[in-house]
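Please keep the sequence and the model in view while reading.

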Amino acid sequence: MSREWFNQARFGMFIHWGVYSIPARGEWVRLIERIPSSEYERLAWEFKPERYNPEEWVTLAEEAGMRYMVLTTRHHDGFSLFDSAVSDFTASKTGAKRDLIAEFVEACRKRGMKFGFYYSLLDWRYAAYFKGPEKDFEGWAGFIEYVHSQVRELCTNYGKVDVLWYDGGWPWDAAAWRSTELNAMVRSLQPHILINNRSGLQEDFETPEQRIAASQEPKRLWETCMTMNDNWGYSAADRNWKSARQLIHNLARCASGAGNYLLNVGPQADGTIPQPSVRCLKEIGAWMRVNGEAIYGSERCPFGGGMIGLTTAKGNLVYLHILRWPGREATISCVKNRVLSARLLTTGQEVQVAQDGDRVSLRGLPNRPLDPYDCVVALELDGKPEAFRYDRHVP
Ligand code: GLC
């Protein structure tokens, strides 16, 4: 079932790439700088990504421990990375003369990597988009026809697609986009697809952006998307990179709420991923190779990591992620179960457990953290984790 792989995956790669990578000031450059169409269109003829090799992207995602990839097939600027019968502003009809999406799909499929299509409903090239369905009835109808046709192409021409990641529905609602009809068409063509919640309809999963917010409904799928610096699309001057430590903590926080972390890269115009992103993703990957079992398929644990970190769970196992190393002894509380044993994922070593009621202490830990970012201890419980409330009087 399609929900299942997504709920196991936990970590994915988001990719924002298009002609905006040439000016290299982020993907909103056209609207924010009010670049005239004629000038912006010229970029498409310069866009010849000689070093685009999607297999390298897949390799990097694999190395980072990512289980799926979502690429911008068309962003708000209207440039399609795929071949489209209803647009000339596409990679296949301009400088690149290639269907960049077809190549991406082929690379993912070859390596068994799940993939999704980001698609912006809005397109800044259409005046009708700005006017809306009421003020420009006919223009809007034509615009919607174009959007629906492109979604149909994406769902028809590339075989099985795992995720459809809409964006840019604002300020119009599902009725204006005719989203019910649109998504019914998508599901008839792609019965296994997962659709996000940005077409004005709730569909399959929530997409908090740049913030970690577990769904209020425990069974509902959710995915936080986030940038590694301050931009989605490539921004040459943006050096405000988050550290591997921050990103691993974010991933662990998503996993603790049984959600996914879709971490973005913004490739350069030539098709290469910026080095700071590459280095950082490899570092995360090294951590994932040791600690992946505490992330993939994680469940929510009713008791947390207290003052030192957070928890994820799987069946009778609870993973204590120690994000702030307390020294030789680490304590958590509110544990209703008996803790039978504890093991450090970093070394495989057993850890001594002392339990006093709901308080559980791990003893004889090294003074300094074995893992500088997130040191995980697997606790084996006598059953599924259960918790006491913490806001009770302490005698
Ligand atoms: C926003 C932005 C966009 C980015 C997206 C990712 O909607 O408009 O540029 O693609 O967020 O979540």
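Which backbone oxygen does the side chain of Ser120 reach? The side chain of Ser120 reaches the backbone oxygen of Leu122, at 2.7 Å. The structure is a predicted model, in which local features need pLDDT of at least 70 and side-chain atom pairs count only at pLDDT 80 or more, while totals for chains, interfaces and linings use all residues. Residues are numbered from 1 along each chain as its sequence is written, and side-chain values use heavy atoms, with hydrogens and water left out.

Ser120 belongs to strand 3; helices (H or I, at least four residues) and strands (E, at least two) are DSSP runs numbered from the N terminus. With 0% relative accessibility, Ser120 is buried; buried means under 20% relative accessible area, exposed over 50%, and partly exposed in between (1.4 Å probe, protein chains only). The side chain of Ser120 also makes a polar contact of 2.8 Å with that of His76. A polar contact is a pair of N or O atoms within 3.5 Å; within protein, one must be able to donate a hydrogen and the other to accept it, and residues adjacent in sequence count only if both atoms are side-chain atoms. Leaving aside residues up to four places away in sequence, Ser120 touches Arg74, His75, His76, Asp167 and Gly168, where contact means heavy atoms within 4.5 Å.

Charged pairs come next. A salt bridge is a side-chain nitrogen of Lys or Arg within 4 Å of a carboxyl oxygen of Asp or Glu, and by this rule there are 23 salt bridges. One of them joins Asp270 and Arg51 at 3.5 Å, N to O. This pair links distant parts of the chain, 219 residues apart: Asp270 is in the loop between strand 8 (260–265) and helix 11 (275–291), and Arg51 in the loop between helix 3 (37–46) and helix 4 (54–64). Asp270 is partly exposed at 22% relative accessibility, whereas Arg51 is exposed at 55%.

Another salt bridge, of 2.9 Å from N to O, connects Arg111 with Glu62. Arg111 sits in the loop between helix 5 (100–110) and strand 3 (114–120), and Glu62 in helix 4, 49 residues apart. Both partners are partly exposed, Arg111 at 27% and Glu62 at 35%. Arg111 and Glu62 also take part in a network of salt bridges with Glu55 and Lys110.

Finally, Glu203 and Arg187 form a salt bridge of 2.5 Å, N to O. Because Glu203 lies in the loop between strand 5 (194–195) and strand 6 (205–206) and Arg187 in helix 9 (residues 179–189), the pair ties together parts 16 residues apart in sequence.
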